[in-house]
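Please read the following points with the sequence and the structure side by side. They are meant for a colleague who has not looked at this model before.

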Amino acid sequence: MKYIVFFIGIIFWVGCASIVLEPSDFAWPIETVLNIDEDGLVQETRYSFSTNVKQMFYAENQDSNSYRNNSVRIIRDQAGYYYMISTGFKNVYIFKADNGKMILHNKFVVSEFGLDLPAFNQRKPYVELLEGEQHLVYLNSDGIKGEE
């Protein structure tokens, strides 16, 4: 009887062991430009992604309607962080998905006056931020490359 209980305990313990799949790369190859609907929602069906961006626009502009008639540029890095910016933004917002929510992980000032033509590129291990075709900075979830 002791052996049966021991054997069942071993099977249960092995069955509960966590599985880690690594390495994993969550990066989107190119940025996605998403139009914002009347409710502040952006959706990307290719990646089964949607989120409400009203609070991000309010944080950037202190205007609850500044998201209207606007779009958001989004890219995801290999660690799974989402980088977001929009025309006129002074900051890049970095979010992490958590239990059905996007949680702000970090925010970086990238322009004193706001960007006119922001764009992202994947430059592993970084995300490159451009203003039009001009390189501005390389980013990761912890900061701007070269800054401490």
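1. The model is a predicted one, in which local features need pLDDT of at least 70 and side-chain atom pairs count only at pLDDT 80 or more, while totals for chains, interfaces and linings use all residues. Residues are numbered from 1 along each chain as its sequence is written, and side-chain values use heavy atoms, with hydrogens and water left out. Helices (H or I, at least four residues) and strands (E, at least two) are DSSP runs, numbered from the N terminus, and two strands are taken to pair if DSSP finds at least two bridges between them.

2. Strand β6 (residues 91-98) is joined on one hand to strand β7 (residues 101-109), to which it runs antiparallel, by 8 bridges. The hairpin of these two strands has 2 residues between them, and Asn99 in the turn has a positive phi of about 55 degrees. On the other hand, β6 is joined by 3 bridges to strand β5 (residues 82-85), again in the antiparallel sense, with Met84 standing opposite Tyr93 in β6. The hairpin of β5 and β6 has 5 residues between the strands, and in this hairpin Gly88 takes a positive phi near 90 degrees.

3. These strands belong to an open sheet of 5 strands in the order β1-β4-β5-β6-β7, with antiparallel pairing. Because β1 and β7 each have a single partner strand, they stand at the edges, and one side of each is left without a neighbour in the sheet. From one strand to the next the twist averages 30 degrees, where axes are lines fitted to C-alpha atoms, for helices over the stretch in contact, and angles run from 0 to 180 degrees between N-to-C directions.

4. Helix α2 packs on this sheet and touches β4, β5 and β6, its direction making about 150 degrees with that of β6; contact here means heavy atoms within 4.5 Å. Which residues of α2 (residues 54-61) are buried? They are Met56, Phe57 and Glu60, where buried means under 20% relative accessible area, exposed over 50% and partly exposed in between, with a 1.4 Å probe and protein chains only. Seen down the helix axis, the buried residues of α2 fall within an arc of 95 degrees, so they line one face of the helix; the arc is that of the directions from the helix axis to the C-beta atoms. What covers these residues includes β4 (71-76), β5 and β6, and just after the helix Gln62 takes a positive phi of about 50 degrees.

5. A search of the whole structure finds 8 aromatic pairs, counted when the ring centres of Phe, Tyr and Trp (its six-membered ring) lie within 6.5 Å, with planes under 30 degrees apart called stacked, over 60 edge-to-face and the rest tilted. Trp28 and Tyr82 form an edge-to-face pair, 5.7 Å centre to centre with 80 degrees between the planes. This pair links distant parts of the chain, 54 residues apart, with Trp28 in the loop between α1 (2-16) and β1 (32-35) and Tyr82 in strand β5. Trp28 counts as buried at 4% relative accessibility, and Tyr82 is buried with a relative accessible area of 7%.

6. Phe49 and Tyr82 form a stacked pair, 5.1 Å centre to centre with 25 degrees between the planes. Here too distant parts of the chain are linked, since Phe49 lies in strand β3 (residues 49-52) and Tyr82 in strand β5, 33 residues apart. Both Phe49 and Tyr82 are buried, and ring pairs link Trp28, Tyr47, Phe49 and Tyr82 into a cluster.

7. A second open sheet deserves a separate look: 4 strands form it in the order β8-β9-β10-β11, with antiparallel pairing. Its edge strands are β8 (118-123) and β11 (143-144), each of which pairs on one side only. Strand β10 (residues 134-140) pairs with β11 over 2 bridges, and the bridge partner of Leu139 in β11 is Ile144.

8. Ser141 has its place in the loop between β10 and β11 and is buried, with a relative accessible area of 10%. Not counting residues up to four places away in sequence, Ser141 touches Asp77, Tyr81, Tyr83, Ile94, His105, Asn106 and Phe108.
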